[in-house]
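Hello,

Here is the structure I said I would pass on. My notes on the packing and the charged pairs follow below it.

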Amino acid sequence: MNPKILEITISGRVQGVGFRPFVYNLAKKLHIKGFVTNNEKGVLIHAVADENILDSFYEQILNQRPPSAEITSSEKKNILSDEIFNDFIIKPTVPNLLIDIPLTPDFAICKSCSNEMMDEENSRYSYPFTTCTQCGPRYSITKKFPFERTNNSINEFTMCENCLQEYKNSDAIRFHSQTNSCPNCGITLKLTTNSGEIVSKSNTEIFKIIAEKLALGKIIALKNTAGYLLICDATNAEAVEELRIRKKRPTKPFAVLFKDTNTIRNYLHLNNLEETTLSSTEAPIVILAIGNPLDLSVNQIAPHLKTIGATVPNSGILQLVMANFNKPIITTSANFHGSPIASSEKEVTKTLKEIADYFLHNSLTILHPQDDSVVKFSEKYEKKIILRRSRGFAPNVLNFKMPERHEKILCFGSDLKNTITILPNSNCYTSEYIGDLENYDTYLRFEKTIANYYTIFNFEPEIVLFDAHPKYVSSRLAESIVHHENQIHFQKIQHHKAHFAAILGEKDLWKSEDKILGIIWDGIGFGDDKQIWGGEFFEYSNNEMKRIGHLNYYPWVLGDKMSKNPKISALSISDSNPSFSDFFDHNEWTIYTKSIQNPLIKTSSMGRLFDAVAFVLGFHQPIYFEGEAAIYLEKTAQKHYSNHKKALVDYLENSDLTDNCIPTKMLFDRIISAKINEIAIGEIAANFHYTLIKCIEKIASNNKIHTLAFSGGVFQNSVLVDMIYEFLSNNFELHLHENCSPNDENISFGQLNYYLNIIN
């Protein structure tokens with residue numbers, strides 16, 4: 001009897017993660033003959049052996065897969081074939097395949113490679129680009145599918161004989177590693193002054209010099225594996241303040257790089273979940289509460305906050321910096337405030353010559369520059385909130401439910417916190433955080449990202465989706481593409497409907513038999529009635545979405561000025577309350593009050609309501625970064641909420657929510673009254689959050705809806721998230737973002753979901 005030939009197809013994140021060498025070694029161990037190769041769906045295996053061995057082989061593939069692999073589907077079947085196998089081999093990938101799998105994100109350096117890099121007896125000692133099949137850059141260096149050396153930028157470096165032997169050796173950790181290199185054949189470093197003078201090219205010497213310069217308070221632009229970072233001594237207040245001045249970043253907090261999680265515990269509160277997240281292959285920045293600040297310059301790092309964004313080294317370069325300096329350092333994207341992260345020597349030396357004292361360049365070409373991802377967890381229920389989805393997470397959306405038929409779709413997202421989403425095959429890809437498109441350099445990065453996706457996926461859109469706001473930069477570009485290419489169809493999608501669609505898509509709720517209440521709260525979005533929306537209630541049922549309520553309208557005053565200065569929001573919502581007059585000069589008072597009396601546009605923005613409440617409770621400065629006033633309000637509420645002995649108060653307890661609308665002015669007036677009555681600001685802030693939760697409960701109950709879905713930037717607020725779970729979870733089914741950020745980064749993903757499930 002001839003042995004069976006079993007064909008196995010594995011789909012998911014299975015390329016660039018050591019899957020083929022894993023299968024090869026397993027097959028050898030079980031004395032199986034056949035081959036493994038990459039194909040358009042992931043990994044294809046043909047295996048010949050007795051049936052019981054093949055069954056064990058299949059189960060072990062699924063259960064013992066490489067740590068960085070994620071299997072979304074698998075299939076096995078017996079096939080007829082004339083192939084004769086004398087051994088088990090890794091078969092080369094067929095050229096020019098139209099791959100239909102997730103892209104592999106960048107992985108943090110693994111412990112094994114780190115140990116080699118730090119071992120003075122090892123040939124890779126002080127070589128910061130030491131990688132294996134389980135770690136190193138992936139997406140940041142990808143030219144096209146599949147993830148083979150010839151398709152990524154490390155192919156510029158030809159493997160030396162030693163690296164080639166490792167690559168071919170099935171017992172080595174770099175067996176079939178597509179990013180394999182060493183000091184003899186790999187990526188080179190160069191340390192220069194800001195005038196271009198070379199200081200050193202020796203790896204061991206470079207990191208000693210960097211430590212010396214950091215100790216002297218110098219600022220260094222360092223090229224990591226996904227882009228340049230600006231670093232300085234986090235214990236040197238003058239150096240951190242100088243970085244703020246040079247970067248024109250007055251108050252937005254900096255992230256701090258620590259040697260390891262044990263070091264973090266000396267400074268910050270760190271629970272097991274946060275430690276696991278920091279130590280993951282994604283290695284994001286995690287927002288942590290300050291414990292004992294010791295020598296950290298906390299006032300300069302995170303002004304007015306009680307938290308710090310902490311991270312541990314995600315690359316060999318950062319590990320070597322920390323090993324030589326051995327103190328916490330600031331790590332922030334190398335750019336001017338508002339511009340995208342720099343990735344090339346030419347770009348960074350031109351734009352950051354006045355910011356950095358020294359530059360550490362390397363010869364690796366970065367094709368997809370990415371900021372660090374940022375995550376935090378709510379204090380009470382430890383709910384994960386993604387503040388920025390970028391390196392380590394982008395660009396895949398795993399477990400996306402694809403309709404049977406679809407066009408090739410490009411989604412342009414929003415202007416603030418922009419991402420793009422494309423659907424070139426049966427996988428959905430949402431880009432890394434790109435930034436705010438009002439910045440010209442960010443707009444150029446946005447255009448380049450779209451062009452790169454065209455190349456990577458051999459993709460040309462048939463449908464273009466964009467925000468309904470007529471003045472968005474992204475919308476104007478989308479319309480220009482549509483007008484230039486007549487065969488491309490387009491669809492405008494309202495901003496908050498896209499938010500709602502994003503959470504419905506992430507949680508796979510489109511086929512729900514129950515009605516779903518969408519609570520969509522953010523800063524601004526152009527509404528269907530041509531007003532500025534931002535505090536919305538939607539109902540979804542049977543592929544229909546309708547707006548059923550909102551925060552009551554109030555005047556939208558002077559456009560962007562309102563979002564930059566909380567006192568204007570307070571004046572507008574209070575209907576020009578005279579008690580605020582001292583905060584305005586005569587001309588301001590005249591202009592603003594006149595605009596409030598005769599508004600051209602009104603808004604239901606929940607974000608601006610948060611700004612206004614923050615102003616009443618003491619936040620009297622302009623806003624220097626998005627969400628700054630809301631963060632102040634969250635911090636103010638957190639202490640009282642964490643320790644409150646008094647019952648929380650619903651400021652609208654006896655108020656009817658007519659037409660499912662929150663009475664904005666009534667709520668705000670009661671907050672002002674509480675402040676006049678000298679109620680502690682922490683108590684007022686906590687009660688404000690609690691009042692909003694009770695409003696959600698009333699509207700859901702009045703409409704007999706038991707499933708609630710939340711999206712929008714307001715839900716980055718961890719106090720609000722904890723209150724949602726504390727006060728609503730007993731009576732409602734709750735859905736909040738876990739894999740997408742709730743902010744405008746999810747708009748492009750939401751546009752796709754809205755089109756596929758509502759329009760199409």
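Predicted model: local features only at pLDDT ≥ 70, side-chain atom pairs only at ≥ 80, totals over all residues.

Ile662 belongs to the largest nonpolar core, which has 72 residues. Ile662 is among the residues with the most contacts inside that core, together with Trp521, Phe668, Leu708 and Phe710. Helix α21 (residues 681-702) supplies the largest share of this core, 11 residues. Another core, of 38 residues, lies apart from it and includes Ala234, Leu270, Val348 and Leu352.

On the charged side, the count comes to 30 salt bridges.

- Glu7 and Lys77 meet at 3.8 Å, N to O. Glu7 lies in strand β1 (residues 4-13) and Lys77 in strand β4 (residues 70-78), so the pair ties together parts that are 70 residues apart in sequence. Glu7 is buried, at 17% relative accessible area, while Lys77 is partly exposed, at 40%.
- Lys327 and Asp233 meet at 3.3 Å, N to O. Lys327 sits in the loop between α10 (316-325) and β13 (329-333), and Asp233 in strand β9 (residues 227-233), 94 residues apart. Lys327 is partly exposed at 31% relative accessibility; Asp233 is buried at 3%.
- Arg265 and Glu275 meet at 2.4 Å, N to O. They link helix α7 (residues 261-267) with helix α8 (residues 272-278).

Finally, salt bridges with shared partners join Glu116, Arg124, Glu166 and Arg174 into one network.

Regards

Terms used
Residues numbered from 1 in each chain as written. Heavy atoms only, no water. Core = buried A, V, L, I, M, F, W, Y, C linked by side-chain atoms within 4.5 Å. Buried < 20%, exposed > 50% of the residue type's maximum accessible area, 1.4 Å probe, protein only. Helix = DSSP H or I, 4+ residues; strand = E, 2+ residues; numbered from the N terminus. Salt bridge = Lys/Arg side-chain N within 4 Å of Asp/Glu carboxyl O.
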